[in-house]
Amino acid sequence: MSGTGVATIGDCRIAYRRAGTSGPPVVLCHGAGIDDATVSWRHAIDALADDYRVYAIDWPEYGNSSGDVEHTVETYVDILGGFLETLPFERVSLAGISMGGGVALGYALDNPDRVERLVLVDSYGLGDRLSSALQWKFLSQIPGMTEFGKIAASTSTRSVRSVLASLVADADALPEPFVDDVREKLMEPGSIRAFTEFQENELSFSGRVATNFVDDLESLSVPTLLVHGEDDPLVPLEWSERAAALIPNAELDVIEDCGHWTPRERPDRFNESLRNWLPDPQRVPTPQYTKAGMPGVTRVSSD
């Protein structure tokens, strides 16, 4: 079974995709930019649905979520915590890509007793500078340029591939459904607004980032898998290599011929790694309450 739901977290209306009716719970956190739960996790949701209870959330002003918030990792950590309170499980596994990885890591550091397993994919929050992201920040400073560029990029699949070339290993080799998902997001009015505000709050013009958990990694007690595309042009592979050396119980999986969008560039390879790391599907936690009694859920529908 798959479907969608909405949880009320403070003043935010948080939409999420859900799949699977049995097995350990897994919560998937997407990244910043032209992204949402579907864009990053489409294949992972399907790959996990038979053996896990899967929840893939949209951050405020991404996908179908809404909410007037300060777009920072700290804010998203609070929203993730609020969302997890609506689920009937004592512990969940978390997986996050890019910005979503930084959010999942921040939550796990603060709440290690609530996290069974952690997966960080080409993750933000593992270093102090991200100079490769400055091109996006500079463009955002020109009035109207971000929205104009987004519209221009959506005119054709070729133009979408040109945009993705700065994020992936081989834009020409990307499967058409991935390109179509990104193009659809580019065509949505206001779909870049949250990302622009996130850059304002998290990235300085020197390339220094506001969120860096490196000094806390040795205290992380949650078993952690770091997955990184070998050719990631945005987040340095060295970030994940260093994190894997610092986190007491960690493994690193470097995926060849892959850039920043690992779950969509190499979905089969990524999903194999993800499933191998997650808890045994036979170990099913006992819910604290029924789905009908889940606080915060205002709508659940099936596909």
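## Bridges, a core and a buried aspartate

There are 0 disulfides in this structure, a disulfide being a pair of cysteine sulfur atoms within 2.5 Å. In general terms, such a link is a covalent bond between the sulfur atoms of two cysteines. What you're looking at is a predicted model, where local features need pLDDT of at least 70, side-chain atom pairs count only at pLDDT 80 or more, and totals for chains, interfaces and linings use all residues. Residues are numbered from 1 along each chain as its sequence is written, and side-chain values use heavy atoms, with hydrogens and water left out.

**The overall picture**

- The chain has 11 helices and 9 strands; these are DSSP runs numbered from the N terminus, with helices (H or I) of at least four residues and strands (E) of at least two.
- Out of 303 residues, 55% count as buried. Buried means under 20% relative accessible area, exposed means over 50%, and partly exposed is in between (1.4 Å probe, protein chains only).
- Take the contacts (heavy atoms within 4.5 Å) in the chain with a separation of 6 or more: 76% of them are between residues 24 or more positions apart.

- Cys12 counts as buried, at 6% relative accessibility.
- Cys29 is buried as well, with a relative accessible area of 0%.

**The nonpolar core**

- The largest nonpolar core has 89 residues. A nonpolar core is a set of buried Ala, Val, Leu, Ile, Met, Phe, Trp, Tyr and Cys residues joined through side-chain atoms within 4.5 Å.
- Which members touch the most others? They are Trp59, Leu80, Phe83 and Leu94.
- Leave aside its neighbours within four places in sequence, and Phe83 is in contact with Ala7, Ile9, Tyr16, Val27, Tyr55 and Ile57.

**Salt bridges**

- The count comes to 11 salt bridges, each one a side-chain nitrogen of Lys or Arg within 4 Å of a carboxyl oxygen of Asp or Glu.
- One of them pairs Asp36 with Lys185, at 3.1 Å from N to O. This pair links distant parts of the chain, 149 residues apart: Asp36 sits in the loop between β3 (25-29) and α1 (37-48), and Lys185 in helix α7 (residues 176-187).
- Glu188 counts as partly exposed, at 28% relative accessibility.
- Arg161 and Glu176 form another bridge, at 2.9 Å from N to O. Arg161 lies in helix α6 (residues 157-164) and Glu176 in helix α7, so the pair ties together parts that are 15 residues apart in sequence.
- Arg161 counts as buried at 14% relative accessibility, whereas Glu176 is partly exposed at 36%.

**Asp232, buried without a bridge**

- Where is Asp232 found? Look in the loop between β7 (224-229) and α9 (237-246).
- Asp232 is buried yet has no salt bridge; Arg242, the nearest side chain of opposite charge, is 13 Å away. For charge, Lys and Arg count as positive and Asp and Glu as negative, while His and the chain ends are not counted.
- Asp232 does have a polar contact of 2.8 Å, side chain to side chain, with His260. A polar contact is a pair of N or O atoms within 3.5 Å; within protein, one must be able to donate a hydrogen and the other to accept it, and residues adjacent in sequence count only if both atoms are side-chain atoms.
- The Asp232 side chain also reaches the backbone nitrogen of Leu234, at 2.8 Å.
- Not counting residues up to four places away in sequence, Asp232 touches Asp122, Cys258, Gly259 and His260.
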